[in-house]
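User: Please take a close look at the cavities and pockets of the model shown below, together with the backbone features of its loops. How are these spaces lined?

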Amino acid sequence: MLRFGILSTAKIGRELVIPAIQDAENAVVTAIASRDLAKARALADRFSVPHAFGSYEEMLASDAIDAVYIPLPTSQHVEWSIKAANAGKHVLCEKPIALKADEIDGLIEARDRNKVLVSEAYMVTYAPVWLKVRELLASGAIGTLKHVQGAFTYFNRDPSNMRNIPELGGGALPDIGVYPTITTRFATGKEPQRVQATVERDPDFGTDIYASVRADFGDFELSFYISTQLAGRQLMVLHGTKGYIEVKSPFNADRWGAEEVELTSQDHGQSQIFRFQDSRQYRREIEAFAAAASGKGGEVVTLESSRNSQRFIDAIYRAAEQEGWEKV
């Protein structure tokens, strides 16, 4: 059993990841840390976790944990991932793990020097829906892939929410722009070569609140839009020469809607629906991470893949400042 310590009492940990760890077959939460010991103790009691710490440093120094899960504000991800690695702990850090691609070089160095696993927490890469999409593409089910279309939007103008605070790493691209990009890269095994983009910022917050992106992958094109100030929508469609694939709930597979992949084939003239009941993508993420950390296999998001993801996002920001294409 891989023993996790949770670095903060953040909402995503409370509601999604701690329950997933406790539900996993090969992991358990043994400690929770907060800068407020009372908060750490209250959350620990809620989940019957034996240890609570009043500082992050104290938990990292403890031999009660083997790994840490980091759901801190984005601007603190690199700092605490490196500190955890230097403490000899494996690291599962919420996305995005960094705000610039070159920041990930330091994470790779810390990982290699300390011989630990450091991975970005992209739960979608463990979801059965995306594993099925990858399988269908590899089998030629839609012929030659030519276009991927995506959308991810929600509405949030809360000034106290970290997504609307630039200093904490807020913005639409860091928060949700990473999802159309990672799922396309994951399903196809391809990397973007160049991008065009439009980015709009909130005049009060200063964070990016809308982006429309066109990315050239060589053999196919990805076009998507994202926003933190539009009515909620999630969409991913992969269109090929002989059919297309629609992912019904592409990102929040267990909360947005039906966990389904619909394959429409031109050859057969009909649709086939693949349904996944209660896929528990967060639990799958934890179990794969724990297996990899224990040397028992398990495909996880590597820091090298994370660096490519962030290069994509960095290029989108640059492309928005100019006309024409920007090289990734």
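Analyst: **Loops, sheet and enclosed space**

Ser48 is found in the loop between α2 (37-46) and β3 (51-53); helices (H or I, at least four residues) and strands (E, at least two) are DSSP runs numbered from the N terminus. The model is a predicted one, in which local features need pLDDT of at least 70 and side-chain atom pairs count only at pLDDT 80 or more, whereas totals for chains, interfaces and linings use all residues. Residues are numbered from 1 along each chain as its sequence is written, and side-chain values use heavy atoms, with hydrogens and water left out.

Although Ser48 is not a glycine, its phi is positive, at about 55°. Ser48 counts as exposed because its relative accessible area is 64% (exposed means over 50%, buried under 20%, partly exposed in between; 1.4 Å probe, protein chains only). Ser8 also has a positive phi without being a glycine, here about 115°, and is found in the loop between β1 (2-7) and α1. With a relative accessible area of 8%, Ser8 is buried.

A further backbone feature is the cis peptide bond that joins Lys95 and Pro96, with omega about -15°. Pro96 is found in the loop between β5 (90-94) and α5 (103-114), and this proline is among the residues that line the largest cavity.

The structure holds 1 cavity of 30 Å³ or more, with a volume of about 40 Å³. On a 1 Å grid over the protein atoms alone, a cavity is a set of points where a 1.4 Å probe fits but cannot get out, a pocket is an open set with protein on both sides within 12 Å along at least five of seven lines, and lining residues have an atom within 4 Å of a point. Points are joined across faces, edges and corners, and a volume is the space filled by probe spheres set on them.

Besides Pro96, the lining of the largest cavity includes Ile97, Ala98, Ile104, Glu120, Tyr122 and Val178. Ser306, Ser309, Gln310 and Ile313 also line the largest cavity, and helix α9 (residues 303-319) gives the most to this lining, with 4 residues. The lining has 7 nonpolar, 3 polar and 1 charged residues (Ala, Val, Leu, Ile, Met, Phe, Trp, Tyr, Cys and Pro are nonpolar; Asp, Glu, Lys and Arg charged; the others, Gly among them, polar).

The largest pocket has a volume of about 1,100 Å³. Of its 42 lining residues, Lys11, Ile12, Met162, Arg163 and Asp175 are the closest to the centre. Two or more lining residues come from each of α1 (11-23), β7, α7 (172-188) and β11 (229-240). By class, the lining of the largest pocket divides into 19 nonpolar, 15 polar and 8 charged residues.

The second largest pocket holds about 190 Å³ of space. Its lining includes Thr125, Tyr126, Arg134, Ile182, Arg185 and Phe186, as well as Glu299, Val300, Val301, Thr302 and Ser305. Helix α7 supplies the largest share of this lining, 3 residues. The lining of the second largest pocket has 5 nonpolar, 3 polar and 3 charged residues.

Strands β7 and β11 belong to an open sheet of 9 strands with mixed pairing, in the order β14-β13-β12-β11-β7-β10-β9-β8-β15 (strands pair if DSSP finds at least two bridges between them). Its edge strands are β14 (270-275) and β15 (326-327), each of which pairs on one side only. Strand β13 (residues 260-265) pairs with β14 in the antiparallel sense over 6 bridges, and Leu263 has Gln272 of β14 as its bridge partner. Leu145 lies in strand β7 (residues 145-155) and is buried, with a relative accessible area of 11%.
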